[in-house]
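Work through the exercises below with the sequence and the model open. Try each task before reading its solution.

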Amino acid sequence: MSSPLQHDRIPLLAETDILVAGAGSAGCCAALAASASGRHRVLLVERYGFAGGSSTQMLDTFYGFFTPGEFPRKVVGGLPDRVVDTLDRAGAIFLRPNTYGAGTGVNYNPERLKLVWDELLAAAGVRVLLHATLVDARAGADGGLREVIISTKRGFFRIAARRFIDASGDADLCHLAGFPCEKAGELEPAQTLTTIFRMSNVDLAAYEAAGGRKMLVQRMTEAVERGTHALPRKTGSLHPMNAVGCISTVAVRVADVDATDFEQLAAAEAEGRRQAFVYEQFFRDCVPGFAAANIIGLSHQIGVRETRRVYGEYRLTREDCLNAARFSDRVLLCGAPIEDHRSLPGGGEETVWGYVPDGGAYDVPYRTLVPRGREETWVVGRCFSATHDAHASCRSMAQTMAMGQAAGTAARLSLEQDCGARAVPVAELQARLRAEGAVLELPAKRAFTAAAEWRKNREAAT
Ligand SMILES: Cc1cc2nc3c(=O)[nH]c(=O)nc-3n(C[C@H](O)[C@H](O)[C@H](O)COP(=O)(O)OP(=O)(O)OC[C@H]3O[C@@H](n4cnc5c(N)ncnc54)[C@H](O)[C@@H]3O)c2cc1C
């Protein structure tokens, strides 16, 4: 795409070996993996003032480490484990066992996680540019991507790099470079957006005694059907946080938004905030345990489930997920179900689920992380190469971290071996991932009950 920016007039800020765009769970892990040998300069660009993306902007539970079911399997390891371990040592995690939905979650303190990302990135020698938004990309004479432009309060800067990893969630880097992308909503309706809100002063014992989640859904349905509170839907969930008497929710829904359009996104932000306070009133009025509760935080921005997805060397499909597909170039596993938050005509929402058979997992091929025909770029996290349905399964943070680990390791390998992304020796990549603790073979089912048990499972798996 043609750029209105005159690159040659923009000062050069840095030359780096590997540039990672976006410091979400995928980008942080990509940067950590890319810098693991200490031989390469790695630069991470993030538009906000802290790392973590959705993991710290709005969420507090890693899903995707475990398959759902009575006897879960732990299907992600390595760097993502190191992130959880670091939180664990600070006393900032607990498990939320679950046999359904996305399976057992690893709940963490998101404010502590901001610090953990800072510390891990600093220890790895990654140069982190916060408050720096990537706004352009330019190719060299041979068509290979060569540099990006960032916008900061000090003005525009150029950064030249040899390898690029797009971890922006919205595929900003690939889009600006003109690589083909699908935009959510073009082929299937886009998933809805959700402002996460947190409440304090909740009497969770009273809530559970009154029936917990079952009672909550019943009260929501009554409120909608009787018209006492203008809730956007009859369902929604809450869970306890890593702080006494506090809960976090997934309840707000805002539909039909192109989240790459800043005006539509701004309207969605305002609508999300409005709905959150409708819920606050509903909780106080209708839900036992919430009479004195109040909102203590809204997510840093409204949660966006999908926007652009890059067309890669392979595109993960619904059939791959539901048939537990095996690929010889696998770089991570995923056992999370397809979880599609769809808006219904005339209002309301349904969540459509599709499970991997027998509590299993499918392989995610390396080729889904390589934009089609590119040699210098990888794409990880929310914008990797998948169809709408496959993305609705493979988007939990354990998987996005594992993608980052795979792409960062591949980028490092491509520099060491002086080869392009498509020529990276996959057997060598897999050997390195295994050596770092990544899970590439489906482990046995195990029973577990607590964080200590999780650690035991992890140690056994690595
Ligand atoms: C409402 C909601 C609830 C969810 N619940 C869960 C859950 O409970 N557990 C779970 O595991 N998953 C959950 N998910 C899915 C999960 O949050 C995401 O799929 C995952 O976090 C994506 O990680 P990412 O690193 O790819 O993207 P992000 O976390 O979005 O990170 C992208 C980063 O890039 C930055 N960025 C973007 N554009 C630019 C730019 N141009 N320049 C510089 N920086 C840029 C962003 O600020 C951000 O830090 C949920 C998603 C939503 C929307």
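**Exercise 1. A hairpin**

How many residues lie between E12 and E13 in the hairpin that they form, and which residue in the turn has a positive phi?

Solution. The structure is a predicted model, in which local features need pLDDT of at least 70, side-chain atom pairs count only at pLDDT 80 or more, and totals for chains, interfaces and linings use all residues. Residues are numbered from 1 along each chain as its sequence is written, and side-chain values use heavy atoms, with hydrogens and water left out.

Step 1. Locate the strands: E12 covers residues 237-240 and E13 covers residues 247-250. Helices (H or I, at least four residues) and strands (E, at least two) are DSSP runs, numbered from the N terminus.

Step 2. Check the pairing. E12 and E13 run antiparallel and share four bridges; two strands pair if DSSP finds at least two bridges between them. Within this pairing, His 239 is opposite Ser 248 of E13.

Step 3. Read the turn. Six residues separate the two strands of the hairpin, and Gly 245 in the turn has a positive phi of about 75°.

**Exercise 2. The ligand site**

Solution. Step 1. The shell holds 33 residues, with Glu 46, Ser 54, Thr 61, Arg 395 and Met 397 the closest. A residue is near a molecule or strand if one of its heavy atoms lies within 4 Å of it.

Step 1. Sort the shell by class: 13 residues are nonpolar, 14 polar and six charged. Here Ala, Val, Leu, Ile, Met, Phe, Trp, Tyr, Cys and Pro count as nonpolar, Asp, Glu, Lys and Arg as charged, and the others, Gly among them, as polar.

Step 2. List polar atom pairs. From an oxygen atom of the ligand, a polar side-chain atom of Glu 46 is 2.6 Å away. A polar backbone atom of Arg 395 also lies 2.6 Å from an oxygen atom of the ligand, while a polar backbone atom of Thr 61 is 2.8 Å from a ligand nitrogen atom.

Step 3. Consider the area. The ligand alone exposes 1000 Å², of which the protein buries 95%; accessible areas come from the Shrake-Rupley method with a 1.4 Å probe, and for residues, only the protein chains shown count as cover.

Step 4. Assign elements. Those that give two or more residues to the shell are helix H1 (25-34), helix H2 (54-57), strand E3 (61-62), strand E7 (133-139) and helix H11 (397-416).

**Exercise 3. From the ligand to a sheet**

In what order do the strands of the open sheet that contains E3 and E5 run?

Solution. Step 1. The order is E3-E5-E4, with antiparallel pairing. Strands of a sheet pair through backbone hydrogen bonds, either parallel or antiparallel.

Step 1. E3 and strand E4 (93-96) are the edge strands, each pairing on one side only.

Step 2. E3 pairs with E5 (residues 105-108) over two bridges, and Thr 61 has Asn 107 as its bridge partner in E5.

**Exercise 4. Salt bridges**

Solution. Step 1. The whole structure has 30 salt bridges, each being a side-chain nitrogen of Lys or Arg within 4 Å of a carboxyl oxygen of Asp or Glu.

Step 1. Asp 17 and Arg 41 form one, with the closest N and O atoms 3.1 Å apart. Asp 17 is in strand E1 (residues 12-21) and Arg 41 in the loop between H1 and strand E2 (42-45), so the bridge ties together parts 24 residues apart in sequence. Asp 17 is buried at 5% relative accessible area, whereas Arg 41 is partly exposed at 44%. Buried means under 20% relative accessible area, exposed over 50%, and partly exposed in between (1.4 Å probe, protein chains only).

Step 2. Glu 222 and Arg 226 form another, at 4.0 Å from N to O. Both lie in helix H7 (residues 212-226), four residues apart, about one turn of the helix. Glu 222 is partly exposed at 25% and Arg 226 is exposed at 63%.

Step 3. Arg 367 and Asp 329 form a third, with the closest N and O atoms 2.7 Å apart. Arg 367 is partly exposed at 30%; Asp 329 is buried at 8%.

How values were computed: A polar contact is a pair of N or O atoms within 3.5 Å; within protein, one must be able to donate a hydrogen and the other to accept it, and residues adjacent in sequence count only if both atoms are side-chain atoms.
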